[in-house]
Amino acid sequence: GGRLRGGLVPWRRRGETRLSLPRRRTSAIWSEHPSAADERLRSIESLLRARGIPVLRGGAHDRWDLEVRPGSFGSARLIMGVEDHELGTQLVRFRWWPRCAPTGLWLAALFVTLSVGAARDEASIASFALAAIALLLVLRAFLDCAAGMGAVARALEHQS
């Protein structure tokens, strides 16, 4: 259909990707050019969007500021803190971490359960096929998280 031709498929990764090991990361920069926290977040968000990567803004009660979503099964979340110092300088701290989409994890668990059931019924080909699907879902989530982590790291390289 039209969605497939238009590229709207769950396995398509959006935007430029640079993979980074999906683990919690921190970074800090001294800035000689102070700016408001919201302005700095908008700058990061704009840079990511310009690269074709979907970005969500956190709400007032979220424990994160931006969520970078390069794929359907994984993302990276970013939180930022700004400390104003003497002579108009700022210390800007960033923390970002991977986040697997619950839907992908539930699907993988479902296929593992089905695989175990097929193995108990001695349907080895079906069991293997279902386990392979579960493995592919987990791999996809890993790659989406790695792409999100890489996108955040790349965007933060442009902050000063």
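In what order do the 5 strands of the open sheet stand, and is their pairing parallel or antiparallel? The order is S1-S5-S4-S3-S2, with antiparallel pairing; strands count as paired if DSSP finds at least two bridges between them. Strands (E, at least two residues) and helices (H or I, at least four) are DSSP runs, numbered from the N terminus. The model is predicted, so local features need pLDDT of at least 70 and side-chain atom pairs count only at pLDDT 80 or more, while totals for chains, interfaces and linings use all residues. Residues are numbered from 1 along each chain as its sequence is written, and side-chain values use heavy atoms, leaving out hydrogens and water.

Strand S1 (25-31) and strand S2 (55-57) form the edges of the sheet; each has a single partner strand, so one side of each lacks a neighbour in the sheet. S2 is joined by 3 bridges to strand S3 (residues 66-68), and the two run antiparallel. Leucine 56 has glutamate 67 in S3 as its bridge partner.

Helix H2 (residues 37-50) lies across S1, S2, S3, strand S4 (74-84) and strand S5 (90-100), at about 160° to S2. Angles run from 0 to 180 degrees between the N-to-C directions of axes fitted to C-alpha atoms, for helices over the stretch in contact, and contact means heavy atoms within 4.5 Å.

In H2, Arg40, Leu41, Ile44, Glu45 and Leu48 are buried, that is, under 20% relative accessible area with a 1.4 Å probe, protein chains only. Seen down the axis of H2, these residues fall within an arc of 135°, so they line one face of the helix; the arc is taken from the directions from the helix axis to the C-beta atoms. The buried residues of H2 pack against S1, S2, S3, S4, S5 and H4.

Methods: Buried means under 20% relative accessible area, exposed over 50%, partly exposed in between (1.4 Å probe, protein chains only).
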